[in-house]
Amino acid sequence: MIQPHGGKLIDRILKGDEKREALEKAKTLPPIKLDAESISDVENIATGVFSPLEGFMGEADFRSVLSHMRLASDLPWTIPIVLDVEKGVAGKLRLGSDVILINEGGDASAVLHLEEKYAYDKEEIARKVFGTTDAAHPGIAKVKGMKDVLLGGKIDLIQESPTPYVRYKLSPKETRILFREKNWRTVVGFQTRNTPHIGHEYIQKSALTFVDGIFINPVIGKKKKGDYKDAVILASYEELIRNYYLKERAVMAILMMEMRYAGPREAIFHAIIRKNFGCTHIIIGRDHAGVGNYYHPYAAQDIFEEFPELGIVPLFFRSFYYCKKCQSVVNDKTCPHPPADQIQFSGTKIRDLLVKGEYPPAELVRPEVAKIIMEYKNPFNE
Amino acid sequence: MEKEFTTVSIPTSLYKKIEEAIKGTDISSVASYVAKILREALYKEEAEQDVFSKEDEEKVKKRLKALGYID
């Protein structure tokens with residue numbers, strides 16, 4: 001089994017007496033209310049999804065990640081995992097003390113052992129992580145809204161917050177045991193924030209040809225306007241797997257996390273996460289984790305050159321399309337026919353048809369999948 | 001503040017060879033090339049099994065069964 005990033009799967013979930021004591025102590029600690037995205041970060045740290053992180057980044061890691069795409073220990077890490085609070089809130093907190101992190105429902109989620117408070121430059125995050133300061137980029141909009149001070153320190157999870165998708169929520173510990181139970185020695189991870197079309201199925205099955213199993217891992221959480229709703233993504237994948245995959249070769253579980261749309265940096269981040277889940281390979285397609293035209297279509301593939309020690313093997317897929325002459329999904333290396341014979345997998349085109357209540361051609365979307373999507377009155381985020 | 005970089009000596013002839021080899025590539029300097037090769041060399045994948053407690057294993061398997069992931 002592939003080792004977790006940094007060699008050790010982090011487990012910072014309080015259990016038994018420790019949990020009871022933390023819940024009791026929580027009543028006396030200064031509280032900080034977190035939004036759902038930050039709560040997801042907390043849970044991902046505690047359950048090992050973000051191994052080797054044990055808490056929100058301190059300044060040394062934060063600056064190293066921004067400048068070198070590595071933690072201060074030199075381990076690859078490309079996205080800052082930070083907790084921002086207002087200056088007034090930070091001023092009241094004492095270093096070396098504990099803080100209780102509260103979820104949107106008002107419940108105690110985790111204890112933060114406060115080690116650092118530090119200032120930062122939003123524009124530096126924008127430039128270095130997203131490669132732009134354009135406010136139209138969804139990641140930049142988020143950065144601009146961040147509060148002034150970052151808090152660093154280890155966390156201990158008291159309890160996970162409720163989600164309607166708990167049935168699909170597996171921790172790295174669970175996926176690692178699952179893969180072992182299935183006798184999968186090699187597993188390819190597939191990151192998605194979309195409903196599946198035939199092109200996705202083509203790259204998934206192409207990758208699956210060379211490994212023992214596929215781990216389909218939709219990102220559930222805040223996404224941009226116009227993206228498919230989480231429930232639609234899950235239902236459509238359920239249908240695809242039920243009809244077109246071998247049960248013993250494909251599993252789906254969710255990743256509760258906000259999409260950052262940081263393109264190449266996020267591709268490395270996604271690879272690290274899948275490595276922690278136990279994947280030996282990850283599919284990286286065209287413009288992975290990109291948005292608009294901010295990144296070169298293959299920047300998210302090229303960046304892997306800089307991390308020869310990552311451990312997880314990226315499988316790169318270039319653009320692919322349906323060829324009317326070949327009568328199959330092909331790419332520019334496998335099909336000799338001219339563009340006139342090609343049908344592109346245009347998300348916009350598929351979306352437009354679905355909105356009009358029309359079935360996309362079967363060459364683009366499985367009818368079973370289209371039917372599921374069309375059962376939703378509005379399948380898209382508003 | 002800890003220094004971010006340090007110096008390692010390599011034979012000048014090797015340095016020149018590397019300089020030649022990285023010309024026209026994406027690698028910006030001999031230092032970047034050497035760091036990349038060393039990181040690659042130092043990374044060792046240990047084919048060890050994850051070690052979870054028996055109690056954890058049983059609990060996880062029970063949940064995976066209940067959710068239909070395993071029979």
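In this predicted model, V219(A) of strand 9 of chain A has L255(A) as its bridge partner in strand 11 of chain A, and these two strands pair in the parallel sense over 2 bridges. Strand 9 also has other partners, which the table sets out with one residue pair for each where strand 9 contributes a bridge.

| Partner of strand 9 of chain A | Sense and bridges | Residue pair |
|---|---|---|
| Strand 10 (residues 250–252) | parallel, 3 bridges | A250(A) and I214(A) |
| Strand 11 (residues 255–256) | parallel, 2 bridges | L255(A) and V219(A) |

Because 8 of the 8 residues of strand 9 (residues 213–220) of chain A are buried, the strand is largely enclosed by the rest of the structure. The burial applies to both faces, with G213(A), F215(A), N217(A) and V219(A) on one side and I214(A), I216(A), P218(A) and I220(A) on the other.

On the scale of the chain, the domain assignment gives domain 1 (5–157) and domain 2 (168–374) of chain A, whose centres, taken over C-alpha atoms, are separated by 28 Å. Their contact takes 22 residues from domain 1 and 24 residues from domain 2 of chain A, and helix 2 of chain A gives the most to the domain 1 side, with 4 residues.

Between chains, 16 residues of chain A are in contact with 21 residues of chain B, and helix 7 (residues 172–181) of chain A gives the most to the chain A side, with 6 residues. By class, that side has 7 nonpolar, 2 polar and 7 charged residues.

Definitions and conventions:
Residues are numbered from 1 along each chain as its sequence is written. Chains are lettered from A and ligands numbered from 1 in the order in which they are written. This is a predicted model: local features need pLDDT of at least 70, side-chain atom pairs count only at pLDDT 80 or more; totals for chains, interfaces and linings use all residues. Two residues are in contact if their C-beta atoms, placed from the backbone, lie within 7 Å. Ala, Val, Leu, Ile, Met, Phe, Trp, Tyr, Cys and Pro count as nonpolar, Asp, Glu, Lys and Arg as charged, and the others, Gly among them, as polar. Domain bounds come from an automatic or database domain assignment. A residue is buried if 20 or more other C-beta atoms lie within 10 Å of its own, exposed if 12 or fewer, and partly exposed in between; C-beta atoms are placed from the backbone. Two strands pair if DSSP finds at least two bridges between them.
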